[in-house]
Amino acid sequence: MASQRTGTQRGGTGRGAKKAEGQDFRGVEPAPLILLKGNEDYLASRALDRIKQALRAEHPDLEFSRLDVANAAPGELFTLTSPSLFGEARLVLAEDLAAMNDTFLTDALAYLEEKPEDVTLVLRHSGGNRGKKLLDALAKRAVVVDCAGARNDNEKLDFVRREFRAAGREIHADGARALVAAAGSTLSDLGGACQQLMADISGDITEEDVDRYHGGRVEASAFKVADAAFEGRREAATRLYRHAIATGVSPIAVTAALARKGRHIAALVDHRGSPAALASTLGAAPWQLQQVAETARRWHPLRAAEAIEAIARADAEAKGASRTPEYAVERAITAIASSVGR
């Protein structure tokens with residue numbers, strides 16, 4: 001169904017996506033000055049790789065240099081960017097502008113007036129106000145590439161959408177959500193998972209595809225246990241939990257997933273407005289609360305509070321208060337599943 005897809009036909013960003021601080025890293029092209037702005041190393045690395053590939057396709061003899069801006073010597077920037085003996089094109093990476101010394105700052109400001117030919121200068125700024133005058137100048141003269149990391153699951157979901165859209169592929173909405181839950185601990189993991197799915201599977205990517213590849217991940221296994229417990233499926237929750245423990249999932253990972261689900265349930269039990277209105281308060285994506293809303297209708301406020309207390313006890317026991325942490329968590333799962341609808 002079209003409503004289950006997110007792909008090339010849909011423009012813009014997903015609901016709740018962050019405001020971009022520059023050009024998307026997936027579309028950056030070589031330019032005399034490029035500023036990689038943001039704290040996400042993975043995005044900066046992807047952008048730099050794209051720039052290198054484009055330059056080497058046109059200039060196979062490309063010279064690539066890195067400049068340590070924290071220890072730059074006077075004139076070092078100009079030496080690296082000056083015409084070479086054989087006229088090769090040059091790519092220079094100036095990393096970690098937040099740590100630049102005064103020498104580099106002075107030379108960089110002078111360099112902006114030079115505009116040398118056949119040179120691509122890429123500067124990386126991951127945060128901080130060091131060299132604000134240079135950053136302000138670059139904002140006006142350089143191609144700025146957004147390398148800011150994802151702050152929440154909604155922004156990770158938007159990242160997945162863009163990865164598939166850029167490749168001309170489609171992933172179902174439930175598949176994208178499952179991928180964020182299973183492989184969304186870092187953008188590096190998430191980006192790698194997207195590339196793996198696109199390389200191994202033809203056609204649309206579904207939730208079943210994601211589960212086949214990543215269903216055994218710690219995050220996915222723990223969340224499946226939490227879903228079953230709070231939905232009252234006691235036997236399924238117990239079975240999933242024992243399988244998770246047998247495959248190496250820590251009891252602490254399970255209590256973390258239970259706590260997250262429990263907080264959402266407890267918040268929704270007495271909430272009379274739209275689930276989306278709670279999203280920012282809880283630090284959750286609107287779609288996550290929408291999924292939980294149906295389950296929350298089966299919970300009594302008192303039972304939800306008791307479930308939170310049971311999870312807190314299990315978490316303490318899993319972290320050392322009990323000699324049998326696996327059993328302590330299973331006991332909490334049973335208590336939660338038995339409380340639904342009471």
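**Helix α11 and its neighbours**

Let's start with a crossing: α11 passes α14 in a left-handed manner, meaning that the near helix is turned anticlockwise from the far one by less than a right angle, whereas clockwise would be right-handed. Helices here are DSSP runs of H or I with at least four residues, numbered from the N terminus (strands are runs of E with at least two). The model is a predicted one, in which local features need pLDDT of at least 70 and side-chain atom pairs count only at pLDDT 80 or more, while totals for chains, interfaces and linings use all residues. Residues are numbered from 1 along each chain as its sequence is written, and side-chain values use heavy atoms, leaving out hydrogens and water.

Helix α11 covers residues 251-269 and helix α14 residues 301-321; they pack at an angle of about 160°, with axes 9 Å apart. The axes are lines fitted to C-alpha atoms, for helices over the stretch in contact, and the angles run from 0 to 180 degrees between N-to-C directions. The pair is therefore roughly antiparallel, the word for angles over 145 degrees, with under 35 roughly parallel, 65 to 115 roughly perpendicular and the rest oblique. On the α11 side, the residues that meet α14 include Leu258, Gly262 and Ile265, and their partners in α14 include Ala304, Ile308 and Ile311. Contact here means heavy atoms within 4.5 Å.

Now turn to α15, which spans residues 325-339. Its packing angle with α11 is about 25°, and the axes are 9 Å apart. That makes the two helices roughly parallel, and α11 passes α15 in a left-handed crossing. Here Pro251, Val254, Thr255 and Leu258 of α11 meet Pro325, Glu326, Val329, Ile333 and Ile336 of α15.

Stay in α15 for Ala337. This residue is buried because its relative accessibility is 6%; buried means under 20% relative accessible area, exposed over 50% and partly exposed in between, with a 1.4 Å probe and protein chains only. Leaving aside residues up to four places away in sequence, Ala337 touches Ala229, Gly232 and Arg234. Its C-alpha atom is 7.9 Å from that of Ala237, 100 residues away along the chain.

The structure has 0 disulfides, a disulfide being a pair of cysteine sulfur atoms within 2.5 Å.

Finally, a word on confidence: the protein chain has a mean pLDDT of 85, and 88% of its residues reach 70 or more. pLDDT is the predictor's confidence in each residue, from 0 to 100.
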